[in-house]
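Please look over the sequence and the model below. A short report follows.

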Amino acid sequence: MIAINNVHKAFNKGKANQVNAVNGIRLNIQSNEFLVIVGSNGSGKTTLLNLVAGTVFPDNGSINIDGNDVTKTPDYRRSQWIARVFQNPMSGTASDLSILDNFRLAAIRTKAKGLSIGVNDAFKQQVKEKIATLGMGLENKIEQPMGTLSGGQRQALTLLMSVMDSCKVLLLDEPTAALDPRSADVVMRTADKLITDFKLTAILITHNLKDAYNYGNRIIQMGEGAILRDLSGEQKSALKQNDLFDWFG
Ligand SMILES: Nc1ncnc2c1ncn2[C@@H]1O[C@H](COP(=O)(O)OP(=O)(O)OP(=O)(O)O)[C@@H](O)[C@H]1O
Ligand SMILES: [Mg+2]
């Protein structure tokens, strides 16, 4: 699904303060794989995600998504495959607009042909049903401005909005870092459910080792722009939570 072939990305190239943020990474991510990335601050996790999303381009190497060479494809063109959720619950949705209008915007943004999609009752009903699947009671609040919701509620809705289109890949960069533990838990469980229900390929960056242990079917640890460890399937299942803590010794 995603093939990262010997990708390098340096910042401040040729200067004294050059940083080799991503340093020759090779990584193949299969369809329906849920990959968790851990690693210390500055190890290149976000840069790697940016390279996949297309907000940063590699110095060399190539990136394929779903069989297409997207190495030089800008982010807005990759959005046909990719949805992205950030750390800040405030980014990704418009505070002054109602939940419903935010879903309308999302539908318009992601469906080039379907400009009429957001204006009828059928759409409203569809949105209500989708929101009800979160089990947070938000389907009765769809006329309420997004800004009146808690960070956790917003992040859960942002997740839902981002996967409602036909995207196949979900990128999550510390989606719960700004949330209290309970909301973080709700958002992680929501993400996990959506990834399963929509059969998505997902990449989660997290500093929460409990989440890294509980979620996903593959885990990599990054350090200085490289992959230090890569465990999938049974290897990941066999991993103990303490092993993960030991990685950061
Ligand atoms: N636009 C940029 N200009 C210069 N340096 C950058 C830029 N983006 C990232 N870097 C540097 O590249 C390195 C990797 O950064 P990156 O954000 O990928 O790390 P990270 O693993 O996501 O860290 P964190 O856990 O703190 O989010 C860091 O040294 C960072 O300072
Ligand atoms: Mg980061």
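## Basis

This is a predicted model: local features need pLDDT of at least 70, side-chain atom pairs count only at pLDDT 80 or more, and totals for chains, interfaces and linings use all residues. Residues are numbered from 1 along each chain as its sequence is written, chains are lettered from A and ligands numbered from 1 in the order in which they are written, and side-chain values use heavy atoms, with hydrogens and water left out.

## Ligand 1 and its shell

Ligand 1 is surrounded by 13 residues. A residue belongs here if one of its heavy atoms lies within 4 Å of the ligand. The closest are N41, G42, K45, T47 and H207. By class, the shell has three nonpolar, eight polar and two charged residues. In this scheme Ala, Val, Leu, Ile, Met, Phe, Trp, Tyr, Cys and Pro count as nonpolar, Asp, Glu, Lys and Arg as charged, and the others, Gly among them, as polar.

Two elements, β2 (19–29) and α1 (45–53), each supply at least two shell residues. Helices (H or I, at least four residues) and strands (E, at least two) are DSSP runs, numbered from the N terminus. The largest share, three residues, comes from α1.

Some polar contacts (pairs of N or O atoms within 3.5 Å) can be listed. A ligand oxygen lies 2.8 Å from a polar backbone atom of G42. For a polar backbone atom of S43, the distance to a ligand oxygen is 3.2 Å. An N or O atom in the side chain of K45 is 2.7 Å from an oxygen of ligand 1. The protein covers 62% of the 630 Å² of accessible area that ligand 1 has on its own. Areas come from the Shrake-Rupley method with a 1.4 Å probe.

Strand β7 spans residues 169–173, and five of its five residues are buried. Buried means under 20% relative accessible area, exposed over 50%, and partly exposed in between (1.4 Å probe, protein chains only). Both faces are covered: V169, L171 and D173 lie on one side, L170 and L172 on the other. In a regular strand the side chains alternate between the two faces of the sheet.

β7 pairs in the parallel sense with β6 (residues 82–85) over four bridges. Pairing requires at least two DSSP bridges between two strands. I82 stands opposite V169. Five bridges join β7 to β8 (residues 201–205), and these strands also run parallel. The partner of L171 in β8 is I203. With helix α6 (residues 181–197), β7 and β8 make a right-handed β-α-β unit. Right-handed means that, with the strands pointing away from the viewer, the path from the first strand over the helix to the second runs clockwise.

## The antiparallel sheet

Four strands form an open sheet in the order β2-β1-β4-β5, with antiparallel pairing. The edge strands are β2 and β5 (68–69), and each pairs on one side only. Two bridges join β4 (residues 60–65) to β5. One of the pairs is N64 with D69 in β5.

Which residue in the loop between β2 and β3 (34–39) stands out? It is N32. Phi of N32 is near 70°, a positive value in a residue other than glycine. At 44% relative accessibility, N32 counts as partly exposed.

E174 is in the loop between β7 and α6. E174 has a positive phi of about 45° although it is not a glycine. E174 is buried, with a relative accessible area of 17%.

Definitions and conventions. A polar contact is a pair of N or O atoms within 3.5 Å; within protein, one must be able to donate a hydrogen and the other to accept it, and residues adjacent in sequence count only if both atoms are side-chain atoms.
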